[in-house]
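User: Could you take a close look at one part of this model with me? I'd like to follow a single stretch and what surrounds it.

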Amino acid sequence: MLPFVEKLLTAPPPIEVAGRWIKRYHVTSDPAGIAPEVEKAAYAILPELLPAPDGTPPATFVVLHRGGDDGAYLNAYSWVWDNVLHFRGAAAGQSVLGCPDDDPSHFVTIDRPWIGCVWELPPILHERDAWVRHMLARPAPEVPDLDAYLTDSLPEGTTGDRS
């Protein structure tokens, strides 16, 4: 087993997919970032990971992680029921997760109860706090500020060492 090393985290601008605003985080060891074909394939499967509208402002954050092997992972965390995270994931190039081949751009949905690995988890705390700040903890009669939430991302850097 290799020693643990933090990975690089970037935050590309939000995009709109299937009527939801998507905040994005990319995680990789490669300073060049996620390969364009992997990113394109990940965002192509994203609509399958999104919940039906329920009246909650349509916001999701995703973590696209390129592993050190052939694996690539897309975790979609969507806000539902006002203050709850809905999770769905997809993977590519990882036979252990049921992927049909080792192509890191051939994503399939996965139905494991796993919410993310140690490199994929750092955005969750930030996103929880940003949701509370901009969508829930506002003095009356202010309304939720989805635009402020969408611009409030975890700063780029590494996946850890943020204390």
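Analyst: Let's start with Leu97, which sits in the loop between S6 and S7. A quick word on names: helices (H or I, at least four residues) and strands (E, at least two) are DSSP runs, numbered from the N terminus. Residues are numbered from 1 along each chain as its sequence is written. Keep in mind that this is a predicted model, where local features need pLDDT of at least 70, side-chain atom pairs count only at pLDDT 80 or more, and totals for chains, interfaces and linings use all residues, while side-chain values use heavy atoms, with hydrogens and water left out.

Is Leu97 buried or exposed? Leu97 counts as buried because its relative accessibility is 14%; the cut-offs are under 20% relative accessible area for buried, over 50% for exposed, and partly exposed in between (1.4 Å probe, protein chains only).

S6 (residues 84–92) pairs with S7 (residues 108–110) in the antiparallel sense over three bridges; two strands pair if DSSP finds at least two bridges between them. Within this pairing, Ala90 stands opposite Thr109 in S7. S6 also pairs with S5 (residues 72–80), again antiparallel, over nine bridges. Here you can find Asn75 opposite Gly89 in S6.

S5 and S6 make a hairpin, with three residues between them. Trp81 is in that turn and has a positive phi of about 50°. Asp82 lies in the loop between S5 and S6 too, and its phi is near 80°, a positive value in a residue other than glycine. Because its relative accessibility is 42%, Asp82 counts as partly exposed.

Over in S3 (residues 20–28) you'll find Thr28, which is buried, with a relative accessible area of 7%.
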